[in-house]
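Me: I have a structure open and want to learn how to read it. Can you take me through some features, one at a time?

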Amino acid sequence: MGNITKFIQGRLRGTKYAVKGALLLLKTEPSIQVQAGIGVVMTIAGFYFEITATEWILQTFAIGLIMSIEGLNTAAEAIADFVHPDYHDKIGFIKDVAAGAVFIAAVTAVIIGGIIYLPYLL
Ligand SMILES: Nc1ncnc2c1ncn2[C@@H]1O[C@H](COP(=O)(O)OP(=O)(O)OP(=O)(O)O)[C@@H](O)[C@H]1O
């Protein structure tokens with residue numbers, strides 16, 4: 001088998017696991033389910049207000065940003081619980097900063113949403 005074929009097969013396998021992980025997140029993580037729901041509502045709002053292409057890009061980016069960081073937060077929490085199931089200050093720090101990253105993404109998304117929709121509403 002050629003190197004290129006092996007390379008493509010490896011990438012396809014990687015994509016399969018990545019899709020599996022994304023579906024796992026959507027099936028099992030309440031936070032991601034809420035964010036996906038908000039993403040659907042914002043997409044409907046985008047069609048309703050007929051937002052511009054640039055606004056679609058910003059909105060899609062904001063939704064993707066928050067959901068991907070939430071996924072990393074879930075992974076960090078799972079690693080923390082696996083390596084140290086008991087209470088520990090370091091585990092608390094790891095979980096707090098991971099949650100802080102999601103918060104920063106959420107604030108960013110709210111600001112982007114405000115910039116896009118306030119002119120349509122006012
Ligand atoms: N093992 C631990 N040691 C120290 N502090 C912890 C530990 N587990 C949780 N905490 C503290 O409790 C907070 C919440 O932790 P938890 O694992 O319940 O996350 P969560 O935000 O509720 O998770 P989810 O995203 O699943 O809702 C952490 O941010 C941390 O401050």
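Reply: Start with a rule for angles. An angle over 145 degrees between two axes counts as roughly antiparallel, and one under 35 degrees as roughly parallel. Keep in mind that this model is predicted.

Me: How do I describe two packed helices?

Reply: Two packed helices are described by the angle between their axes and the distance between the axes. Now take a pair here. Helix H2 covers residues 30-49 and helix H3 covers residues 53-83. Their axes come within 10 Å and cross at roughly 175°. H2 and H3 are therefore roughly antiparallel to each other.

Me: Which residues of H2 and H3 meet?

Reply: From H2, the list is Ser-31, Ile-32, Gln-35, Ala-36, Gly-39, Met-42 and Gly-46. They meet Trp-56, Gln-59, Ile-63, Ile-66, Met-67, Glu-70 and Gly-71 in H3. Sorted by class, this contact has 7 nonpolar, 6 polar and 1 charged residues.

Me: What is the angle between H3 and H4?

Reply: The axes of H3 and H4 cross at roughly 170° and come within 9 Å. So H3 and H4 are also roughly antiparallel to each other. The contact of H3 with H4 holds 18 nonpolar, 4 polar and 4 charged residues.

Me: Is Lys-20 buried or exposed?

Reply: Lys-20 is exposed, because it has 10 other C-beta atoms within 10 Å. Find Lys-20 in helix H1, residues 3-28.

Me: Where is Leu-26, and what does it touch?

Reply: Leu-26 is in helix H1. With 14 C-beta neighbours inside 10 Å, Leu-26 counts as partly exposed. Leu-26 touches Ile-32, Gln-33 and Ala-36, leaving out residues up to four places away in sequence.

Me: How do I compare distance along the chain with distance in space?

Reply: Pick two residues and read both values. Leu-26 and Gly-71 are 45 residues apart in sequence, and their C-alpha atoms are 9.4 Å apart in space. Now try Leu-65 and Asp-81. They are 16 residues apart in sequence and 24 Å apart in space, C-alpha to C-alpha.

Me: What should I look for in the backbone angle phi?

Reply: Most residues other than glycine have a negative phi. Look for exceptions. Glu-50 has a phi near 50°, a positive value in a residue other than glycine. Glu-50 lies in the loop between H2 and H3. It counts as exposed, with 8 C-beta neighbours inside 10 Å.

Me: Which residues surround the ligand?

Reply: The ligand is surrounded by Ser-31, Glu-77, Tyr-87, His-88, Ile-91, Gly-92, Lys-95, Asp-96 and Ala-99. Helix H4, residues 89-121, gives the most to this shell, with 5 residues. By class, the shell divides into 3 nonpolar, 3 polar and 3 charged.

Me: How do I check a database record against the model?

Reply: Take the recorded range, then read the model there. An unreviewed UniProt entry places the feature "transmembrane region" at residues 97-120. Over residues 97-120 the chain is 100% helix and 0% strand. The end C-alpha atoms of that stretch are 35 Å apart.

Notes. Residues numbered from 1 in each chain as written. Predicted model: local features only at pLDDT ≥ 70, side-chain atom pairs only at ≥ 80, totals over all residues. Near = placed C-beta within 6 Å. Helix = DSSP H or I, 4+ residues; strand = E, 2+ residues; numbered from the N terminus. Nonpolar A, V, L, I, M, F, W, Y, C, P; charged D, E, K, R; others polar. Axes fitted to C-alpha atoms, helices over the stretch in contact; angles between N-to-C directions. Parallel < 35°, antiparallel > 145°, perpendicular 65-115°, else oblique. Contact = placed C-beta atoms within 7 Å. UniProt positions renumbered as here; feature names shortened; annotations may be inferred. Buried ≥ 20, exposed ≤ 12 C-beta atoms within 10 Å, placed from the backbone.
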